[in-house]
Amino acid sequence: MSVEAVQDALAAEHAAVWTYGLVSAFIAVPQLSAAVADGATAHRARRDATERWLRDAGATPRPPAAAYLPPQPVDSAASAVAALIAVETDACVAWRGVLERTGDAALRTSALDALTVSAVRATRWRKVAGVTPTSIAFPGAGVG
Amino acid sequence: MLLATATAPLAVACTTPPPPPPPPDPLAELVKAARSDAALATAVGAPETAAARTEHAQRLQAEVDRATPRVPGASVPPSTSASVAPPAGASREALVPALQAAQKQAGELVASVEAHRVGLVASVAAGCASLVEALS
């Protein structure tokens with residue numbers, strides 16, 4: 001059921017938009033603030049496109065939750081970056097889920113794009129956090 | 001029953017031409033690229049890239065092997081594996097373009113590949129993009 005998978009991806013995008021908004025107060029380094037702003041813009045655009053896709057498919061896009069729980073409380077630059085790694089990693093899983101549940105070439109193409117850009121941003125934040133390996137061998141596969 | 005199983009293949013063999021060889025598996029090309037990138041990454045001292053592309057090659061080869069029809073009793077075809085020699089004069093500068101090409105190569109299969117393969121192929125494409133970011 002691709003609609004259900006796309007609703008899951010929308011939920012991941014809502015969580016990402018919310019989290020990028022939350023962390024912006026904790027990331028003061030100009031270069032990193034710019035990366036936060038880029039990520040926020042990209043996830044808002046992806047969220048809007050995903051809502052459009054659902055409406056076009058005759059479904060009602062699910063609204064965002066009032067708040068999202070990061071894996072650890074965000075109270076510092078380090079915990080802010082950890083929260084960003086978590087939402088990007090979750091987005092990878094959700095978009096790979098879409099890929100596995102649709103044969104529609106256009107939806108697959110946009111899901112691959114979403115998976116790829118989230119994998120790249122997850123890598124960027126892993127690098128900032130000093131996580132090794134920096135890269136993710138199989139983004140969205142739920143491991144690694 | 002024993003007789004039937006023993007004679008049926010012979011009867012088929014006498015009356016029909018041998019089936020054409022199966023078309024090459026598109027994932028085999030991804031395996032080749034992954035092995036070649038792993039060799040290049042090893043040669044230029046990029047162990048993280050080498051490890052990831054080796055994993056890509058292994059998982060893709062496992063899927064190719066699983067999908068390859070086997071003639072019962074025939075020996076297992078050697079999966080042209082083992083070491084791939086890196087090109088002479090391998091340089092670190094060659095790594096990023098190679099990974100970008102691999103990302104594109106896997107990405108181009110995503111629209112058309114079977115449902116049970118698309119997750120793996122898409123993760124390989126995104127994984128190559130992640131490796132490029134890690135090297136930047």
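This is a predicted model: local features need pLDDT of at least 70, side-chain atom pairs count only at pLDDT 80 or more; totals for chains, interfaces and linings use all residues.
1. Confidence in the complex. The predictor assigns the complex an ipTM of 0.95, together with a pTM of 0.88.

2. Confidence along chain B. The mean pLDDT of chain B is 85, with 77% of its residues at 70 or more. When you look at the elements of this chain, please keep two helices in mind: α1 (residues 2-15) of chain B has the lowest mean pLDDT, 52, while α4 (residues 95-110) of chain B has the highest, 98.

3. Fold of chain B. Of the 136 residues in chain B, 33% are buried. Taking contacts in chain B between residues at least 6 apart in sequence, 71% join residues that are at least 24 apart.

4. Where the chains meet. On the chain B side, 21 residues are in contact with 24 residues of chain A. The elements of chain B that each give two or more residues to this side are α3 (47-67), α4 and α5 (115-135). Helix α5(B) gives the most, with 13 residues. By type, the chain B residues that touch chain A divide into eleven nonpolar, seven polar and three charged.

5. The annotated span in chain A. An unreviewed UniProt entry lists residues 5-141 of chain A as "domain: DUF4439". In the model, the end C-alpha atoms of residues 5-141 of chain A lie 15 Å apart, and the span is 69% helix and 0% strand.

Conventions. Residues are numbered from 1 along each chain as its sequence is written. Chains are lettered from A and ligands numbered from 1 in the order in which they are written. pLDDT is the predictor's confidence in each residue, from 0 to 100. Helices (H or I, at least four residues) and strands (E, at least two) are DSSP runs, numbered from the N terminus. Two residues are in contact if their C-beta atoms, placed from the backbone, lie within 7 Å. Ala, Val, Leu, Ile, Met, Phe, Trp, Tyr, Cys and Pro count as nonpolar, Asp, Glu, Lys and Arg as charged, and the others, Gly among them, as polar. UniProt positions are given in the numbering used here, feature names are shortened, and annotations may be inferred rather than shown by experiment. A residue is buried if 20 or more other C-beta atoms lie within 10 Å of its own, exposed if 12 or fewer, and partly exposed in between; C-beta atoms are placed from the backbone.
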